[in-house]
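Let's work through a few exercises on this model together. Keep the structure open beside you and try each task before reading its solution.

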Amino acid sequence: MSKSNRLQKLVLKASEENSDEIDMVDFPGGPKAFEICAKFCYGMTVTLNAYNVVAARCAAEYLEMTEDVDRGNLIFKIEVFINSSILRSWKDSISVLQTTKSLLPWSENLKIVGRCIDSIASKTSVDPANVTWSYTYNRKLSAPEIIVKGGMKYQEKIESVPKDWWVEDVCELDIFLYKRVMTAVKSKGRMDGAIIGEALKTYAVRWLPDSVDALISDVHSWRNKLLVETIVCLLPSDKGVSCSCSFLLKLLKVAILVGVDDSAREDLMNRISLKLDEASVKDLLIPARSPQTTIYDVGMVHSIVNQCMINEKCSQDLDLGKNDVGCTDFVLGHGSLLSVGKVIDGYLEEIARDPNLSLASFIDLARSIPEFGRPVHDGLYKAIDMYLKEHLSLTKAERKELCSLMDVKKLTMDASMHAAQNDRLPLRVVVQVLFFEQVRASAGVQSLNNNPRDASRSTTNTEEEWEKTAAEDCNSIKKQMNQTKIKEGEFPKNGKFLKKDSRNSKSGMQLLPSRSRRIFDKLWVVGKGHGENKSSETSGSSQSPTSMV
């Protein structure tokens, strides 16, 4: 009673009521905390540490063991211990903060929670070169190494501390305390966004379950939803630039599974659109949710791509506004867009295997990539071929519409050779492929004859150059065809080449499958019988393969 003002009042009240007992049901910290206070009152040795100091402080506050009652009372001594020992230690600050949860609201009202959070946030902002404490529970700073050369002692070599040294330790906090700590770290303004992003990724890996069943189970679904929404809320304000696209996409998949609100999902999608060039096809395979019938959520990826194109256009407009010339920056600025086009073509090839994917969804996503984002159409061709392979019920008009996405002039040699032998492609497309391959070969031979020194240079031409020389190439092909003498008996009735003539490869002829041979047979016949007809139009016209030549 000599050290507790509250006990004095409780004993007085009990005496007035003729009671022999004092009941303290709401005593913070329970019997162990009361025992610490009682031992202190009787002059017994009390051992305080990071695991009982909060309970002892709350109990002393409850008992009103202040300086007004007795000088050098328990509250004063505990405060000195907290300020001089606990808050100066990295590990003790975290341990004490973890114990405050069971002693709310006492620990909050006594500002123990706030002081621990401020201590932790301040220490994370220290220059790693000045970190001398053991900064994780499992790792210790290595002993300094003394470098001795030629009998001379040089400066001690100390293992450098990584910038994210604090990330693993704060992961031990529950989501509410973790949010407050990370908010305080960000408010200091001295922490790099990439490190904050790494900390959030580490926390997500630490607490989010791996299995889908555990994510959506009734027992943990609320906790998982809160965790994802908190991580999204704590993402750096640079719109995801500091976080990897792979992490953001995985977080989006989990967010969809646990059913986060629309604002958090849209925030993630906007951040992903800024880093879509770093994405992989595997990361973009977001499982579809009911009532969707497709395997993957193609609509969500389409929305991300559209947002990416909007961001790209705004960025280009901003660059052109800053630079009056702007042309060079405009061209070179498409590097990230080329990566986006490549990954979307790979994504199209993957989702084309889905029998429930509609043709309209496939075409809309393919057209979301602008022409300058897809200079080579090999990836798009693979996706179209896969869609034709898995959707055999397409009508002739649908196949034509699907193949209209592809520009045969932008196929490489390997892709062209594959397309020329592809029975799934419409006849018109095969004719276009064969024609432009012959044009390319003719242009390459002509360039070699005109300038042998430049033979090692690239023989590919731009689309404008093809259009400019299309008429000359057509005439050259017809001239070569008219000059080609096919002896009677060289071709059997089935149209196969004789082996003895297959070695004559310098003429540009190659062995082709039966379908392509039939097409070329028609072209040769037309070349001999209708040599006067001239046309350089091969794509986008309604003419038959015969009339095109």
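**Exercise 1: Confidence**

Find where confidence is lowest and where it is highest in the protein.

Solution. The lowest value belongs to helix α26 (residues 545-548), with a mean of 38, and the highest to helix α3 (residues 53-62), at 96. The score here is pLDDT, the predictor's confidence in each residue, from 0 to 100. Helices (H or I, at least four residues) are DSSP runs, numbered from the N terminus. Next, take the whole protein: its mean pLDDT is 78, and 72% of its residues reach 70 or more. Finally, look at residues 324-332, where pLDDT stays under 50 and the model has four contacts (heavy atoms within 4.5 Å) beyond four places in sequence.

Two notes on the ground rules. This is a predicted model, so local features need pLDDT of at least 70 and side-chain atom pairs count only at pLDDT 80 or more, while totals for chains, interfaces and linings use all residues. Residues are numbered from 1 along each chain as its sequence is written, and side-chain values use heavy atoms, with hydrogens and water left out.

**Exercise 2: The core**

Identify the residues that touch the most other members of the largest nonpolar core.

Solution. A nonpolar core is a set of buried Ala, Val, Leu, Ile, Met, Phe, Trp, Tyr and Cys residues joined through side-chain atoms within 4.5 Å. Buried means under 20% relative accessible area (1.4 Å probe, protein chains only). The largest core has 134 residues, and Trp 166, Ile 344, Phe 362 and Leu 402 touch the most other members. Helix α13 (residues 245-258) gives the largest share of this core, ten residues. Now zoom in on Leu 402: leaving aside neighbours within four places in sequence, its contacts include Phe 362 and Tyr 387.

**Exercise 3: Aromatic pairs**

Describe how the rings of Phe 362 and Tyr 387 are arranged.

Solution. Rings of Phe, Tyr and Trp (its six-membered ring) pair if their centres lie within 6.5 Å; planes under 30 degrees apart count as stacked, over 60 as edge-to-face and the rest as tilted. Eight such pairs turn up in the whole structure. Phe 362 and Tyr 387 are 5.0 Å apart centre to centre, with 40 degrees between the planes, a tilted pair. Phe 362 lies in helix α19 (residues 359-367) and Tyr 387 in helix α20 (residues 378-390), so the pair ties together parts 25 residues apart in sequence. Both residues, Phe 362 and Tyr 387, are buried.

Note on methods:
Helix = DSSP H or I, 4+ residues; strand = E, 2+ residues; numbered from the N terminus. Buried < 20%, exposed > 50% of the residue type's maximum accessible area, 1.4 Å probe, protein only.
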